[in-house]
Amino acid sequence: MDNRLPTEFDVVVIGTGLPESILAAACSRSGQRVLHLDSRSYYGGNWASFSFSGLLSWLKEYQQNSDIGEESTAAWQDMIHETEEGITLRKKDETIQHTEVFCYASQDMDGNIEETDDLQKNHSWVASSTLIKPLDSACLSEEMHSLYVSSYEVPAKGTPENNGEVTAIAETLVKEEYCGYKTYKHRVSDGAKDEIKPILEDNSDPPKRNRITYSQIVEEGRRFNIDLVSKLLYSQGLLIDLLIKSNVSRYAEFKNVTRILAFREGKVEQVPCSRADVFNSKELTMVEKRMLMKFLTFCLDYEQHPDEYQAFTQCSFSEYLKTKKLTPSLQHFVLHSIAMMSESSCTTIEGLKATKNFLQCLGKFGNTPFLFPLYGQGEIPQCFCRMCAVFGGIYCLRHKVQCLVVDKESGRCKAIIDHLGQRINAKYFIVEDSYLSEETCSNVQYEQISRAVLITDQSILKTDSDQQISILIVPPVEPGACAVRVTELCSSTMTCMKDTCLVHLTCSSSKTAREDLESVVKKLFTPYAETEIDKEELAKPRLLWALYFNMRDSSGVSRSSYNGLPSNVYVCTGPDCGLGNEHAVKQAETLFKEIFPSEEFCPPPPNPEDVFFDGDDKQPESLGANTIIIAQLESSEGSKNLESSEKHLQN
């Protein structure tokens, strides 16, 4: 099979994260020939979503650092002319660090999982083909509900690759993750999705809960869609506007976030957001209700009343709230659950602006300002990739780029050379930050994001309905520390199995993710092994499984920080720590306007009745602004490229 691509494009995009995917769709929509590449085997980069098995495979890839070795790639130095020079790209993805996995769920000895033929055939998510022998189940202790810990560290620079040999770390990983099971490969199964009925605990102490075992989580792994980055969509935010304008929204489905929660005095409580919620709240007195409504009404048009806040522009928002004679509980609600700002770093203007944005998004799709995409955040980049493919973009996953070819005289990039040794020419190049080499990024100072992903057995605030999507901001204990954002998803979001919740924790890093977030996890959840020790802790959700990791935040890096970047090479950053997707959309639109200043950014799609194929007998007398004439493809090569791109998207 010939894997060679066409050699001439207008735009080459490297990386399939959200900003790159939006840019690729915008370029393709404007009539540019787009080639979209990613060295990974999945779409989305650090914006991706994984099944449970896929997440374990992703972790294993980082632990083994299993990339294509230099010996298996074609030499590119001989393809550089005398008037050119090459800028090498990074071979390893080093954006994820300090990954640690904890399994608290009990091990079900009778529920061994057989490896199916589908597991053996599916190689898309396999990090290593090495087979590990299953271990004796004696290594498990049912009585203690033992805690299994797997720590995955990104190998140091210069670490030799693992070519088929099992390292001690890999053996430890598999022992801890699959101890006592016949399943010993991290793979995604396309097999049958059998319903597993939860086994009720045999103790009689109320409240009774479903007993979820680790084997059930593994067997139901396809029901999980676990996001690497936790974000929500503001109902009147830039991403929603873009999805509607470009009609990309038809490729995705969304659910409204049902609750805004607050953590105060060691308890989780619901925050009234809308007017109806405020007046129906039993937590607020009548006086507090009037005070809150009066302040929120002011925030909606605070610019019209500068005398109300002008004297406090140099103060923090928390100090300003105290001058409005709000009660401590109302101050807490406004600062942490409505403005969602940090107490120390948020100025008065920033707080008022954030509060106004929150209020303006209320009521458009529900009682909260936020939407969540079904099947996870990773669906959004794929939606824009589909749009790009519809307008002729070509996609290749597992396709590495070795270097950029730069003309010495003009200083512009002319081409790329891929791992097959093929030279592909283009006018413009868009590269995700993680692909740039250490030399190019030697002056760049990166921030870090601390992330935790938890699987629990119930919601942090239980109500009559178990299908709640909640967001909670946990204030920092120490002054100057960062607040922790908690997003809890139910099974109706198609991100977790029945009778479980998927919880995401996010904050700016000061230490490792576990050190930053573990204290919040202990406040909100009880590890499975401890539920029989302290009966008071039974009110908390039980923690079944946890993952901690640090992710690089390159959103604050300016173009001038990169060394020797050609003028026609544009850099997209990875996910930022913010709740919304505004930074990614703004960046994509800004870069598109720099590259094609006269083109509209992601215009609405044409009406099918206004699309005419070149050669039709009947042509419209006058062509409207959205009328498109499409020349029929004569070459079989063009048709094959389109078919190939659609196959990639379907996969």
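Please keep in mind that the model is predicted.

## A buried strand between two partners

Five of its five residues are buried, so E19 is largely enclosed by the rest of the structure. In a regular strand the side chains alternate between the two faces of the sheet. Here both faces are covered: Tyr-428, Ile-430 and Glu-432 are buried on one side, and Phe-429 and Val-431 are buried on the other.

E19 also has parallel partners. Strand E1 (residues 11–14) is joined to E19 by four bridges and runs parallel to it, with Val-13 having Ile-430 as its bridge partner. Strand E26 (residues 569–572) is likewise parallel to E19, again through four bridges, and there Tyr-570 stands opposite Ile-430.

Four strands make up an open sheet in the order E4-E16-E17-E18, and their pairing is antiparallel. Strand E4 (84–88) and strand E18 (423–425) are the edge strands, each of which pairs on one side only. From one strand to the next, the twist averages 30°. Within this sheet, five bridges hold E4 and strand E16 (residues 401–407) in an antiparallel pair, and Gly-86 is found opposite Val-405 of E16.

An open sheet of three strands has antiparallel pairing too, in the order E10-E14-E11. At its edges stand strand E10 (233–234) and strand E11 (254–256); each has a single partner strand, so one side of each is left without a neighbour in the sheet. E11 and strand E14 (residues 370–373) run antiparallel and share three bridges, in which Leu-371 of E14 is the bridge partner of Asn-256.

Arg-264 has Lys-267 in E13 as its bridge partner. The hairpin has two residues between the strands, and Glu-265 takes a positive phi near 55° there.

## Positive phi in two loops

What about positive phi in loops? Tyr-375 is not a glycine, yet its phi is about 75°. This residue belongs to the loop between E14 and helix H12 (379–390). Its relative accessibility is 36%, so Tyr-375 counts as partly exposed.

Cys-602 is another residue other than glycine with a positive phi, near 45°. Its loop runs between helix H14 (582–595) and strand E27 (611–613). Cys-602 counts as buried because its relative accessibility is 0%.

The relative accessibility of several residues discussed in this report is set out here.

| Residue | Relative accessibility | Class |
|---|---|---|
| Ser-53 | 12% | buried |
| Phe-317 | 0% | buried |
| Tyr-320 | 0% | buried |
| Tyr-375 | 36% | partly exposed |
| Cys-602 | 0% | buried |

## Aromatic pairs

How many aromatic pairs does the count come to? It comes to 19 aromatic pairs. Take Phe-317 and Tyr-320: their ring centres are 6.4 Å apart and their planes lie at 20°, so the pair is stacked. Both residues sit in helix H9 (residues 317–323), three residues apart, which means they are separated by about one helical turn. Phe-317 is buried, and Tyr-320 counts as buried as well.

Elsewhere, one aromatic cluster is formed by Tyr-42, Phe-50, Trp-58, Tyr-62 and Phe-549.

Ser-53 lies in helix H2 (residues 52–64) and counts as buried. In sequence, 169 residues separate Ser-53 from Arg-222, but their C-alpha atoms are 7.4 Å apart in space.

## Cavities

Rolling a probe the size of a water molecule over the atoms shows where empty space is left.

Which residues line the largest cavity? They are Gly-17, Glu-20, Arg-40, Gly-44, Gly-45, Asn-46, Trp-47, Glu-432, Ser-434, Gly-574 and Pro-575. By type, the lining comprises six polar, three charged and two nonpolar residues. One of the lining residues, Glu-432, brings us back to strand E19, where Glu-432 is among the buried residues.

Note on methods
Residues are numbered from 1 along each chain as its sequence is written. This is a predicted model: local features need pLDDT of at least 70, side-chain atom pairs count only at pLDDT 80 or more; totals for chains, interfaces and linings use all residues. Side-chain values use heavy atoms; hydrogens and water are left out. Two strands pair if DSSP finds at least two bridges between them. Axes are lines fitted to C-alpha atoms, for helices over the stretch in contact, and angles run from 0 to 180 degrees between N-to-C directions. On a 1 Å grid over the protein atoms alone, a cavity is a set of points where a 1.4 Å probe fits but cannot get out, and a pocket is an open set with protein on both sides within 12 Å along at least five of seven lines; lining residues have an atom within 4 Å of a point. Ala, Val, Leu, Ile, Met, Phe, Trp, Tyr, Cys and Pro count as nonpolar, Asp, Glu, Lys and Arg as charged, and the others, Gly among them, as polar. Rings of Phe, Tyr and Trp (its six-membered ring) pair if their centres lie within 6.5 Å; planes under 30 degrees apart count as stacked, over 60 as edge-to-face and the rest as tilted. Buried means under 20% relative accessible area, exposed over 50%, partly exposed in between (1.4 Å probe, protein chains only).
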